[in-house]
Amino acid sequence: MSRYTLDLNHTGTALKPAKAVIYARVSSAAQVRRGDGLGSQETRCREFAGYRGYTVVKVFSDDLSGSSVERPGMKAMLSFLRKNKHDPHAVLIDDISRLARGVKAHIELRSAISLAGGVLESPTLEFGDDADSELQEYILATVSQHQRRKNAEQTLNRMKARVRSGYWVFSRPWGYRYEKTRNEGKILVRDEPIASILQEGLAGFATGRFETKSEVRRFWEAQSLFSKRRKDGSIHPQLVHDLLTNPIYAGLVQAPDWKIGLREGRHKGLITAGDFDKIQAHLTNLAKAPARKDLNTDFPLRGFVACGDCGHPLTSCWSKSNTGKKHPYYFCFKKGCDSYRKSIRKEDLEGAFDTLLGSLKPTKTLFSLVREMLKDAWDQRLSQVTELRKSLTQAAAKIEKQIEQLLDRIVEASNPSVISAYEKRIASLEKDKLVIAEQERTAGQPKHAFEKVFELAMTFLSNPQKLWASDRLEVKRLVLRLAFSDHLHYHREKGFSNPNFSLPFKTLTAIGDQEMQMAHRGGFEPPTPWFVAMYSIQLSYRCVGEKTSSQIAYSCCKSKASSFLEVAPIGRMSRLQRTEMKSFGALFRDGSPVNLI
């Protein structure tokens with residue numbers, strides 16, 4: 001058969017190729033998976049080839065945007081045409097938009113096909129070299145480019161609209177997956193078990209269970225299912241920072257590049273907006289100290305126990321004797337200190353610490369008393385729901401008024417720097433409004449019963465030694481932060497001196513040290529104002545009745561322990577109390593450290 005056949009549709013002098021190749025293109029791989037486009041394009045081109053008398057020898061396809069020239073299928077077709085340049089082929093496309101969706105890309109590919117020996121043809125357009133044909137071709141290429149840009153604009157506008165409505169439209173964040181719903185389209189849902197691993201790390205950092213980003217990092221590295229690792233098995237510090245600062249995990253969405261501020265998302269967060277704020281505040285105030293790599297289970301008190309002479313944190317090491325046996329020691333490495341490089345046996349220091357920790361164990365009677373106090377505070381807080389919601393509503397209205405005032409100022413302002421400052425302030429207020437809205441929704445709705453929420457806290461308060469006996473270093477470090485509000489000081493001869501216990505244990509000690517006396521017939525002068533406020537009248541008139549000493553102690557000491565019970569607003573606590581409660585709060589979450597025991 002001849003390589004060319006006579007084209008009867010023309011003057012009879014032009015020749016056309018007898019073979020053809022088909023080029024089909026769709027804009028994305030998703031269209032290929034759905035079966036949209038490629039098959040129908042090929043079918044129509046084959047029908048056109050039969051009509052023209054061509055034999056289709058090969059089909060090439062791409063699933064890329066029409067604005068790009070660099071496409072694998074196009075490159076393969078051009079390579080095929082060059083190899084068979086001595087035997088020209090017709091290049092069939094279903095529509096001019098399948099070749100390209102841009103004037104520049106169209107001209108480049110049109111020229112490349114011609115130079116490779118191909119003849120471009122389509123059932124929807126007759127390509128020619130005359131002026132009218134070129135004008136028609138370029139007009140259609142321009143229309144195709146306009147359609148592409150218009151589609152892009154419409155898609156972008158739809159994406160912006162969804163973000164403004166609280167939907168996430170970008171690639172799914174780690175710990176989430178997309179799930180298609182009937183009414184809302186694709187929405188983020190938890191991707192287990194990664195979501196739970198991330199949640200525990202984020203909540204732990206917010207409550208003080210993990211004090212530094214390095215501790216969060218070590219916790220995630222200990223989870224075998226945490227797959228985002230480097231080749232050596234470690235997790236990049238930047239990844240930890242990105243996870244801690246991503247508002248998507250608090251159920252919030254934003255798109256700064258589109259000037260869309262923070263707003264409530266339609267997906268469920270792993271943590272609350274309040275916890276997210278705590279994380280950001282913690283990161284802002286966090287000292288930029290490098291993470292210690294020498295912390296290990298051999299010396300859990302390293303860095304926490306300080307020298308009794310100079311106050312410098314003790315270091316530790318394994319020392320080898322003449323016999324070759326290794327012995328563990330703590331020692332002070334502060335030059336000029338009287339105890340400089342004078343070793344302290346590990347068993348001596350840690351034995352003394354274990355004794356000190358054992359002294360924190362309250363009696364069963366005192367423990368029951370504290371439990372009743374906590375239960376009473378829990379019930380009191382639930383009974384204040386109406387008042388709490390009212391105050392939150394007022395706070396939200398106040399913020400809304402401030403936002404309106406700032407918007408009015410923006411309209412009147414002309415200085416770009418002033419406008420930018422107003423916009424930042426508005427963004428901050430919007431964030432505060434989200435937190436208040438979340439608090440208003442959850443007010444008076446505890447996720448669990450009192451017994452479940454406080455189970456771990458009670459276990460720790462009743463016997464901190466049990467938690468210290470864990471083999472996990474992060475658990476031991478947690479015990480140190482929960483039981484003590486400052487470094488312990490240890491002297492080689494005197495042992496531990498003046499340990500500063502955390503607020504919960506201070507409260508237990510204060511309650512346990514109360515001296516109870518019977519009221520005399522004529523009454524007595526009350527020792528403290530808070531005792532007067534509650535019981536001076538009752539005791540003076542002998543109205544105590546048959547209350548037991550434990551009941552009297554409970555009633556009298558209840559207000560003294562109020563800071564621990566959080567009956568009073570957290571803002572009324574001292575700075576030291578707030579610091580201690582932040583650390584101790586790790587035990588009062590939704591069971592986040594349950595795995596510690």
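Start at helix α9, whose buried residues pack against α7 (194-207), α8 (213-221) and α10 (273-285). Contact here means heavy atoms within 4.5 Å. Helices (H or I, at least four residues) and strands (E, at least two) are DSSP runs, numbered from the N terminus.

A word on the source. This is a predicted model, in which local features need pLDDT of at least 70 and side-chain atom pairs count only at pLDDT 80 or more, while totals for chains, interfaces and linings use all residues. Residues are numbered from 1 along each chain as its sequence is written, and side-chain values use heavy atoms, with hydrogens and water left out.

Helix α9 covers residues 237-244, and its buried residues are V240, L243 and L244. Buried means under 20% relative accessible area, exposed over 50%, and partly exposed in between (1.4 Å probe, protein chains only). Seen down the axis of α9, the buried residues fall within an arc of 95°, so they line one face of the helix. The arc is that of the directions from the helix axis to the C-beta atoms.

Now look at one of these partners. The axes of α8 and α9 come within 10 Å and cross at roughly 100°. That makes α8 roughly perpendicular to α9. Axes are lines fitted to C-alpha atoms, for helices over the stretch in contact, and angles run from 0 to 180 degrees between N-to-C directions. Angles under 35 degrees count as roughly parallel, over 145 as roughly antiparallel, 65 to 115 as roughly perpendicular and the rest as oblique. From α8 come K213, V216, R217 and W220; from α9 come P237, V240, H241, L243 and L244. These contact residues divide into 6 nonpolar, 1 polar and 2 charged.

Move to α3 (residues 72-83) and α5 (residues 103-115), whose axes come within 9 Å and cross at roughly 25°. The two helices are therefore roughly parallel to each other. M74, M77, L78 and L81 in α3 meet L109, A112 and I113 in α5. This contact has 7 nonpolar residues, no polar and no charged. (Ala, Val, Leu, Ile, Met, Phe, Trp, Tyr, Cys and Pro count as nonpolar, Asp, Glu, Lys and Arg as charged, and the others, Gly among them, as polar.)

Last, the sheet. Three strands form an open sheet in the order β12-β13-β14, with antiparallel pairing. Strands pair if DSSP finds at least two bridges between them. β12 (315-320) and β14 (344-345) each have a single partner strand, so one side of each lacks a neighbour in the sheet. β12 pairs with β13 (residues 326-331) over 6 bridges.
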